[in-house]
Amino acid sequence: MSAIKVNNLSKHFAFPKRGKPGKMGPNGPKQTKDVIRAVDDISFEVKRGEIFGFLGPNGAGKTTTIRMMTGVLKPTKGNVSIFEHDVWKNQTLVKEITGNVPEEANVYFDMSGLQNLMFIGEIYGVPKKIRQERAENLLTKFELYEKRNLKALKYSKGMKQRLLLCMALMSNPEILFLDEPTTGLDVQSSRIIKQLIREYNEKGVTIFLTTHDMEVANELCHRIAIINHGKIISLDTPQNLKVLTQEYKAIDFYLANGVDKRNIEDLNTIREVQEVREGFHVIVEDIHESICEIVDFIKKNQLVIKQLNTHEPKLEDAFLKIIERGGRD
Ligand SMILES: Nc1ncnc2c1ncn2[C@@H]1O[C@H](COP(=O)(O)OP(=O)(O)O)[C@@H](O)[C@H]1O
Ligand SMILES: [Mg+2]
């Protein structure tokens with residue numbers, strides 16, 4: 001069952017053209033306009049229980065999309081539904097079943113972490129008894145419990161982002177929207193957030209997140225849509241996105257002895273050989289077969305191996321390649 005359906009969604013921003021004076025109309029000069037298609041006719045579904053990643057470079061249209069998905073921004077065309085309810089027309093209901101951490105969200109600086117959570121809990125109508133317990137639980141999970149009585153003003157960026165996540169979770173949402181949840185954070189906050197995204201997902205929360213960081217997408221997401229210039233140019237699992245653009249696998253190995261390059265070229269499973277300092281960089285079809293063959297060769301010739309590294313295609317390579325060719329296939 002899908003949790004979210006996005007149908008032919010577009011957002012255009014218009015502004016007056018700079019430099020050129022408008023043509024004369026009946027009411028004076030006509031305003032000529034430039035239109036940015038920030039989101040350009042996208043459609044996709046997020047399944048219930050999924051961590052769905054929206055990956056793309058800055059300015060790709062991620063924030064504009066997530067704002068329309070959460071009912072903050074009205075689409076120019078198309079619509080978004082959550083469990084079959086149109087988001088724009090059912091904002092109250094949607095707010096009840098979703099949690100949201102926008103890109104530029106903020107906490108209440110004058111309140112402590114705990115007070116922020118109690119306040120949000122009250123807004124959501126969480127009963128007082130449950131409110132306190134849930135707030136303390138969340139603070140513990142996100143490693144903020146010890147700082148629960150400190151004013152949020154004094155929180156670091158990473159602590160603030162963790163508190164925002166706690167706030168979004170106070171209503172026990174079924175779906176969580178996160179816009180760049182780990183961008184610009186310290187390693188510890190980023191680790192805690194990733195871990196808890198996984199944990200809440202395992203408990204059944206559907207998660208939609210945006211990121212421009214392929215490693216984050218790779219680590220967390222079941223499926224990833226790649227967006228550029230307002231269009232989705234690819235949508236698949238991280239594994240398939242890697243395979244899609246896979247060009248070659250390679251092995252580097254370094255030897256204590258000098259070996260003639262031709263001997264390496266003669267090996268059956270090796271496609272191409274480059275000589276590097278004290279070793280070779282070889283391009284292969286199958287990492288396992290080639291490692292076995294290289295090791296056999298080394299043993300047979302009584303050579304000494306110092307180091308061996310393998311290179312497999314990374315999601316980052318896939319991302320760049322898909323963007324370069326504009327999703328033509
Ligand atoms: N309120 C707005 N008015 C005009 N242009 C906007 C507005 N919001 C976003 N844009 C433009 O839309 C494009 C997509 O922006 P955004 O959705 O923020 O991208 P991302 O989150 O992927 O970095 C950019 O070109 C941005 O300048
Ligand atoms: Mg953004």
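Predicted model: local features only at pLDDT ≥ 70, side-chain atom pairs only at ≥ 80, totals over all residues.

Student: Which element is S2 in?
Tutor: Strand β1, residues 2–16. Strands are DSSP runs of E, at least two residues; helices are H or I, at least four; both are numbered from the N terminus.

Student: What does S2 touch?
Tutor: E45, V46, K47 and R48, leaving out residues up to four places away in sequence. Contact means backbone-placed C-beta atoms within 7 Å.

Student: What about numbering and confidence?
Tutor: Residues count from 1 along each chain as written, while chains are lettered from A and ligands numbered from 1 in written order. Local features need pLDDT of at least 70, side-chain atom pairs 80 or more, and totals for chains, interfaces and linings use all residues.

Student: New topic: how many residues in the largest nonpolar core?
Tutor: It has 69, with I4, M69 and L163 among those with the most contacts inside it. Helix α5 (residues 157–169) gives the largest share, 8 residues. Such a core joins buried Ala, Val, Leu, Ile, Met, Phe, Trp, Tyr and Cys through C-beta atoms within 7 Å.

Student: And what does M69 touch?
Tutor: I4, V6, V80, V87, F177 and F208, again skipping residues up to four places away in sequence.

How values were computed:
Contact = placed C-beta atoms within 7 Å. Buried ≥ 20, exposed ≤ 12 C-beta atoms within 10 Å, placed from the backbone.
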